[in-house]
Amino acid sequence: MLITKFNKEQPAIYFLILAMCVSMELYFTWRFPQSLVNFACALVLLPCLLKVKVPQQSLWVIFLLIINFIYNYTHNTVSFSFLSFLNLSSVIIISIFIVLSNIAFKIKLWHGFDWFMKCICCISLIGWFLYLAGIPLPHYYSDTTDFYTHEVYYLFIAGADNILEELLPRFCGMFLEPGHVGSTCCLLLFINRFNFKDKSNYIYLLSIIFSLSLAAYGLLFIGLCLHYLLKGVHVLKYILFLGVLACAFYIFGLTYNNGDNIFNEKILSRLMFVDGELSGNNRTSMLFDAYYEDWLKHGDLINGYGRKAYGDGTESTNILHGCASYKRFFFINGIIGFILVSILYWSLFYKYRSNQTWGFLVLYVICNMIRDYPFRLMWLYLFILGSVILSLPPSAITSAKVNSPDTD
């Protein structure tokens with residue numbers, strides 16, 4: 001039987017939440033080597049996984065998972081090593097466990113992750129409000145990676161390059177950048193069905209608003225439209241309301257203080273077209289664009305550019321430095337990688353398809369067009385959990401009591 005007792009479920013849930021957070025490099029995981037965390041999680045889950053009778057209909061999804069992770073490993077690993085292989089093996093074991101776990105466990109994992117994310121976002125928002133109020137907070141400067149630098153305030157982190165220069169710096173929470181927290185909170189709100197009767201969901205909404213992320217604002221608007229459209233109740237009323245709200249926001253941003261305000265600077269100005277291109281479309285660098293255009297004409301479109309795009313991993317040799325979009329994914333993985341990941345996600349989605357899961361699929365695809373993270377465990381597992389949660393009636397989610405076999 002796969003994890004049915006409380007004392008057996010809790011370690012699995014804790015380790016899975018940690019593995020999800022490590023995949024997005026949240027602040028409190030910086031000192032934890034990703035490969036070792038995933039290995040520890042796999043060790044916890046493996047005994048339970050070995051007891052599972054694998055349903056025949058799940059074999060195809062498991063096969064797709066293994067092929068996708070191996071293909072991703074060969075194309076996105078700068079240098080092959082024992083630790084990188086250990087991480088690959090661990091991630092495959094964890095992902096197979098998520099797929100084979102019963103619906104009741106998936107609901108409990110969702111409740112645990114949702115509660116945990118609300119807690120850390122709430123803690124970060126409290127620290128953020130204290131910072132905005134001018135209260136001195138202990139902090140230190142961090143060269144987090146070869147791309148990110150941060151001012152770490154312990155309760156939250158902020159981009160070190162601009163925090164001192166702006167009236168209202170963008171909110172990151174414990175994520176590496178505002179777009180990460182904003183996009184993730186949009187996915188979480190959709191899975192929560194935008195239920196603002198549950199006051200805790202305002203934590204996600206505030207995180208999105210303070211992120212000042214154009215992508216997150218767009219995803220929030222699209223997610224709300226999809227949710228109410230597919231819900232089929234007073235659709236026109238909700239769409240009109242959202243349209244009026246967007247227009248009011250647009251007029252306010254353009255006119256308040258003659259346009260000299262944070263919303264116009266961070267959001268509206270990025271919606272302007274300059275020389276035929278959207279000024280906010282800065283997901284790729286000029287260097288990458290040059291390589292990408294040349295690759296489209298003369299490169300290996302079938303297999304992709306592969307791991308040589310990373311060079312030796314340093315900024316000077318990494319073509320992908322500072323880039324994030326579907327172009328980057330396609331450039332590295334090619335047509336084969338695109339087809340493999342599309343079939344995988346379709347297979348994960350198809351079993352639980354419903355009106356709301358169709359909307360979630362659309363929102364998730366848009367998220368990954370902006371920021372290509374289909375193999376980050378947090379987003380991958382949120383897709384699996386979200387598809388299950390949205391396919392069930394809210395009463396089943398609240399009670400977390402679903403009559404299901406040991407596997408689904």
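Residue N38 lies in helix α2 (residues 34-50), where helices (H or I, at least four residues) and strands (E, at least two) are DSSP runs numbered from the N terminus. The model is predicted, so that local features need pLDDT of at least 70 and side-chain atom pairs count only at pLDDT 80 or more, while totals for chains, interfaces and linings use all residues. Residues are numbered from 1 along each chain as its sequence is written, and side-chain values use heavy atoms, with hydrogens and water left out.

With a relative accessible area of 1%, N38 is buried; this term denotes under 20% relative accessible area, against over 50% for exposed and the range in between for partly exposed (1.4 Å probe, protein chains only). Apart from its neighbours within four places in sequence, N38 is in contact (heavy atoms within 4.5 Å) with A19, N87, S90, V91, I94 and L377. Of these residues, S90 is 52 residues from N38 along the chain, and the C-alpha atoms of the two are separated by 5.6 Å.

For the protein as a whole, the secondary structure comprises 15 helices and five strands. Of its 408 residues, 51% count as buried. Among contacts with a separation of 6 or more, 71% are accounted for by residues 24 or more positions apart.

Helix α11 (residues 286-298) and helix α12 (residues 326-350) have axes that come within 11 Å and cross at roughly 50°. Axes are lines fitted to C-alpha atoms, for helices over the stretch in contact, and angles run from 0 to 180 degrees between N-to-C directions. The two helices, α11 and α12, are therefore oblique to each other, given that angles under 35 degrees count as roughly parallel, over 145 as roughly antiparallel, 65 to 115 as roughly perpendicular and the rest as oblique. On the α11 side, F288, Y291, Y292, W295 and L296 meet K327, R328, F330, F331 and G334 of α12.

Three strands form an open sheet in the order β1-β2-β3, with antiparallel pairing; two strands pair if DSSP finds at least two bridges between them. The edge strands, β1 (140-142) and β3 (157-159), each pair on one side only, and the twist averages 30° from one strand to the next. Strand β2 (residues 150-152) runs antiparallel to β1 and is joined to it by three bridges. Within this pairing, S142 stands opposite H150 in β2.
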